[in-house]
Amino acid sequence: MCGIVGYVGKKPVVSILVDGLSKLEYRGYDSAGIAVFKDSCIEVHKAQGKLQNLRDLLAENNACELAATLGVGHIRWATHGIPNTINAHPHRSNCERIALVHNGIIENYKELKEFLIDKGCVFASETDTEVIAHLISYEYDKSNDFLTAVREAVKQL
């Protein structure tokens, strides 16, 4: 079973996300990751295995020192794709302006993935969730409005 933690506020987000994920450890999982928004850029950190592996990665990259105050975290129990760092959430669109996590199954992800590949999207993972990031990005390119892009993408899921 997967778990999601999000935070928007004034405090540094990395430790808040990791602390939140630690409260979800009892669910069982095979990978963990966070995405934080700082200086108009999304940073993603992911690790296979126990949450401690993500903690170690964040310490190595000095990510705990980030001044970011907006982010999302995810622990994953694999449904699509093998348990590894590439398939861990969060997933980003090719343009890296959209990052997201998701619990559930996108039943029509194969058709959507084929459509998006035909439109030039390059997929990094084997997950159904990555389709959502690319689909929102594709719709955003058409509308130049994020809310419209999300609505149009959700209609197709």
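Modeller: Happy to! Glu152 and Lys155 sit three residues apart in helix H5, so about one helical turn separates them. Keep in mind that this is a predicted model.

Biologist: How far apart are the closest N and O atoms of Glu152 and Lys155?

Modeller: Glu152 is partly exposed, at 28% relative accessibility, while Lys155 is exposed at 63%. Their side chains form a salt bridge, and its closest N and O atoms are apart by 3.0 Å.

Biologist: Is helix H4 parallel or oblique to helix H5?

Modeller: The axes of H4 (residues 129-143) and H5 (residues 146-156) come within 8 Å and cross at roughly 130 degrees. Because of that angle, H4 counts as oblique.

Biologist: Into how many nonpolar, polar and charged residues does the contact of H4 with H5 divide?

Modeller: H4 passes H5 in a right-handed crossing. On the H4 side, the contact uses Leu135, Ile136, Glu139, Tyr140 and Ser143, and H5 brings residues including Phe146, Val150 and Glu152. The residues of this contact divide into seven nonpolar, three polar and two charged.

Biologist: Which residue forms a salt bridge with Glu96?

Modeller: Glu96 is partly exposed at 44% relative accessibility. The closest N and O atoms are 3.8 Å apart, within the 4 Å cut-off, and the partner is Arg92.

Definitions and conventions:
Residues numbered from 1 in each chain as written. Predicted model: local features only at pLDDT ≥ 70, side-chain atom pairs only at ≥ 80, totals over all residues. Heavy atoms only, no water. Axes fitted to C-alpha atoms, helices over the stretch in contact; angles between N-to-C directions. Helix = DSSP H or I, 4+ residues; strand = E, 2+ residues; numbered from the N terminus. Parallel < 35°, antiparallel > 145°, perpendicular 65-115°, else oblique. Left-handed = near helix turned anticlockwise from the far one by under 90°. Contact = heavy atoms within 4.5 Å. Nonpolar A, V, L, I, M, F, W, Y, C, P; charged D, E, K, R; others polar. Buried < 20%, exposed > 50% of the residue type's maximum accessible area, 1.4 Å probe, protein only.
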